[in-house]
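Subject: Structure for you to look at

Hi,

Here is the structure I promised to send over. Could you open it next to this email and follow along?

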Amino acid sequence: MIPAHLQNLIASAQVNCFQGAACDTGLPVVQADQGNLSIIMQLTFGSIGAIAAIIIVISAMSMVAAQGEPQKIAKARQTIIFASVGLAIAISAEAIVTFTIGKL
């Protein structure tokens, strides 16, 4: 059962609009379009890709500095593999989102 104060809130949120008429729901209007969404996604996936590339470089330097210790080399190799997979996912996700937004 829905409490009375929530029922009043739900009832006030319902809007009956006529065809072609503007509806005022009292909610803020967000001016988001394909261009804004594309920029946000490019920044997000670009940041993820840059972080993955930095992790790869740091792990490569730690592999060089491991001086032949198998545990350190294995840990650095595993980190490089995981960061490479993350980089591949970020690149493919950006490609998918760009392709999808272009089709809208």
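Below is what I found, going from the whole chain down to single residues.

A word on the source: this is a predicted model, in which local features need pLDDT of at least 70 and side-chain atom pairs count only at pLDDT 80 or more, while totals for chains, interfaces and linings use all residues. Residues are numbered from 1 along each chain as its sequence is written, and side-chain values use heavy atoms, with hydrogens and water left out.

**The chain as a whole**

The protein chain has three helices and zero strands, so from the N terminus on its elements run α-α-α (helices are DSSP runs of H or I with at least four residues, strands are runs of E with at least two, and both are numbered from the N terminus). Of its 104 residues, 11% count as buried (buried means under 20% relative accessible area, exposed over 50%, and partly exposed in between, with a 1.4 Å probe and protein chains only). Among contacts between residues at least 6 apart in sequence, 58% join residues at least 24 apart; contact here means heavy atoms within 4.5 Å.

**The α2 and α3 pair**

Helix α2 covers residues 34–64 and helix α3 residues 70–103. α2 has 31 residues and reaches 45 Å from its first C-alpha to its last, close to the 45 Å expected at 1.5 Å a residue. α3 has 34 residues and reaches 49 Å, close to an expected 50 Å. That expected span is 1.5 Å times one less than the number of residues.

How do the two pack? Their angle is about 165°, with the axes 8 Å apart (axes are lines fitted to C-alpha atoms, for helices over the stretch in contact, and angles run from 0 to 180 degrees between N-to-C directions). α2 and α3 are therefore roughly antiparallel to each other, a label used for angles over 145 degrees, with under 35 counting as roughly parallel, 65 to 115 as roughly perpendicular and the rest as oblique. By class, the contact of α2 with α3 has 18 nonpolar, nine polar and two charged residues. For these classes, Ala, Val, Leu, Ile, Met, Phe, Trp, Tyr, Cys and Pro count as nonpolar, Asp, Glu, Lys and Arg as charged, and the others, Gly among them, as polar.

**Who is buried**

In α2, the buried residues are S38, F45, G49, A52 and S59, and what covers them includes α3.

Leaving aside neighbours within four places in sequence, A52 is in contact with A83 and L87. The C-alpha atoms of A52 and F82 are separated by 8.9 Å, although the two residues are 30 apart along the chain.

S59 also lies in α2 and is buried, at 6% relative accessible area. Which residues does S59 touch, leaving aside its neighbours within four places in sequence? They are A76, T79 and I80.

**The loop**

Last, have a look at Q67, in the loop between α2 and α3. Q67 counts as exposed, at 71% relative accessibility. Its phi is near 55°, a positive value in a residue other than glycine. Most residues other than glycine have a negative phi.

Cheers
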